[in-house]
Amino acid sequence: MAGRPVDHRRRLELLDAVVDYAVENGFSELSWRPVAAALDVSTNTLVHHFGSKEHLLVAILGRLRERILAATAELLGAQHDLAAAARAAWEQTSQPARAAEFRLFFAVYGRALQAPEQFADFLDRVVADWMAALRAAQGPDVDPAVADREATLVIATLRGLLLDLLTTGDRARVEGAADRFLATLARPED
């Protein structure tokens, strides 16, 4: 964008505030004026830092993915087996305090699937980030094909359980299903 250069530190501050706004207000109704008003900036400020609404949406997707990964990456990395890593991921992502963030996550995930060219970076990384962490949790001696299969099963199951929990609010039923699934990952004692 022509004109003054973008202050990247300020852009990141604005982006975090926009993501917070989207978590609270939803993604489908996101438009310049309400966001600018909520952040107490002008629409020109947002345009200067993000260029277009499409660029803002891409930035929101990326930042949301980063936030979710950051919230769980340390837990996943600290685990020495797949069952412990999966349980840590479930416990972190299913917390009631994280519900609004994950509602937004699923909303933007759906949006990205509808426009894969526009959101290619998000789609490329939204599974790959978790795959890498869950493969690593299985240790270096696990066959790569087996590690990929197990990591895929964990990602798909935990996301499905989380979507069910967000949809129904039936925590007891979903937690029971999560416990049952996570128990299947436990390695028998040697």
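**Salt bridges and a helix crossing**

Trainee: How far apart are Asp-121 and Arg-125 in helix H7?
Mentor: Asp-121 and Arg-125 are four residues apart in H7 (residues 120–137), so about one helical turn separates them. Helices (H or I, at least four residues) and strands (E, at least two) are DSSP runs numbered from the N terminus.

Trainee: What should I know about the model before going on?
Mentor: This is a predicted model, in which local features need pLDDT of at least 70 and side-chain atom pairs count only at pLDDT 80 or more, while totals for chains, interfaces and linings use all residues. Residues are numbered from 1 along each chain as its sequence is written, and side-chain values use heavy atoms, with hydrogens and water left out.

Trainee: OK, back to that pair. What do the side chains of Asp-121 and Arg-125 form?
Mentor: A salt bridge, at 3.7 Å from N to O. The term means a side-chain nitrogen of Lys or Arg within 4 Å of a carboxyl oxygen of Asp or Glu.

Trainee: How many salt bridges does the structure hold?
Mentor: There are 14. One of them joins Glu-13 and Arg-9, at 3.0 Å from N to O. Those two are four residues apart in H1, about one helical turn. Arg-9 counts as exposed at 58%, and Glu-13 as partly exposed at 38%.

Trainee: Which residue forms a salt bridge with Asp-16?
Mentor: Arg-63 does, with the closest N and O atoms 2.6 Å apart. Asp-16 is in H1 and Arg-63 in helix H4 (residues 53–78), so the pair ties together parts 47 residues apart in sequence.

Trainee: New topic. At what angle do the axes of H1 and H3 cross?
Mentor: Roughly 115°, and the axes of H1 (residues 8–25) and H3 (residues 43–50) come within 10 Å. That makes H1 roughly perpendicular to H3. Axes are lines fitted to C-alpha atoms, for helices over the stretch in contact, with angles from 0 to 180 degrees between N-to-C directions. Angles under 35 degrees count as roughly parallel, over 145 as roughly antiparallel, 65 to 115 as roughly perpendicular and the rest as oblique.

Trainee: Which residues in H1 meet H3?
Mentor: Arg-10, Arg-11, Leu-14, Leu-15 and Val-18 in H1 meet Thr-45, Leu-46, His-49 and Phe-50 in H3; contact means heavy atoms within 4.5 Å.

Terms used:
Buried < 20%, exposed > 50% of the residue type's maximum accessible area, 1.4 Å probe, protein only.
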